[in-house]
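Take a look at the model below. This report walks through its charged pairs and its nonpolar cores.

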Amino acid sequence: MITIRPAEHGEADALASLGLRAWAEGIGPHVPDHVRRRICASNPFLPFILEMGPHLLVAERDGTAIGIAGCERHSGELSDLWVDPVYFGRGVGSALLDTVTRRAAAEGHERLSLQVMTDNRRALEFYLSRGFDISWQAELLDGILGIPLHKTGMDKKLTSSM
């Protein structure tokens, strides 16, 4: 059984490691080697997780964190959803996305939006299969990676009954 809960103080290192493993599997193959090495060495997930604090959602199974998701505070934008690669295809991403979607609707947002790397077909298809529509595509400078990436913007109309 998957449980969704807020992140807790003291687990930032473990969650950052989880995020990096998921990034290395999903995005890592699509970026130059020097960028992949830099990201793996610096792990930008740690400052993000520390900043998000309890606003970050954690999926866990049997007491082990297996996924994370975060929305920018009280925005309708999903900034991150990462699942430990060992748990791909086991409903973790869906459980996190369902919780994020319900929270965004409860906060009064009309839409939930996000961006994915266009080459990340797994993520793109995941969101399309969960009711998201493509709203734009463009090459953008990724602030963390420091390189241009082709991104796809997606959104989903929310209802207050979610």
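Is aspartate 33 buried, partly exposed or exposed? Aspartate 33 counts as partly exposed, because its relative accessibility is 45%. The cut-offs are these: buried is under 20% relative accessible area, exposed is over 50%, and partly exposed is in between (1.4 Å probe, protein chains only).

## About the model

This is a predicted model, where local features need pLDDT of at least 70, side-chain atom pairs count only at pLDDT 80 or more, and totals for chains, interfaces and linings use all residues. Residues are numbered from 1 along each chain as its sequence is written, and side-chain values use heavy atoms, with hydrogens and water left out.

## A pair in a helix

Side chains of opposite charge can pair when their charged atoms come close. Aspartate 33 forms a salt bridge with arginine 36, at 2.0 Å from N to O. A salt bridge here is a side-chain nitrogen of Lys or Arg within 4 Å of a carboxyl oxygen of Asp or Glu.

Both residues lie in helix α2 (residues 33-42). They sit 3 residues apart, about one turn of the helix. Helices (H or I, at least four residues) and strands (E, at least two) are DSSP runs, numbered from the N terminus. Arginine 36 is partly exposed, with a relative accessible area of 24%.

Elsewhere, salt bridges that share partners join Arg5, Glu8, Glu11 and Glu60 into one network. Arginine 5 meets glutamate 11 at 2.8 Å, N to O. Both of these residues are buried; arginine 5 has 13% relative accessibility.

Arginine 5 also bridges to glutamate 8, with the closest N and O atoms 4.0 Å apart. Glutamate 8 is partly exposed, because its relative accessibility is 49%. The whole structure holds 7 salt bridges.

## The nonpolar cores

A nonpolar core is a set of buried Ala, Val, Leu, Ile, Met, Phe, Trp, Tyr and Cys residues joined through side-chain atoms within 4.5 Å. The largest one has 25 residues. Leu78, Leu81, Leu97, Leu112 and Tyr127 touch the most other members. Elements that each supply at least two residues include β2 (57-61), β4 (77-83) and α5 (121-128). Helix α4 gives the most, with 6 residues.
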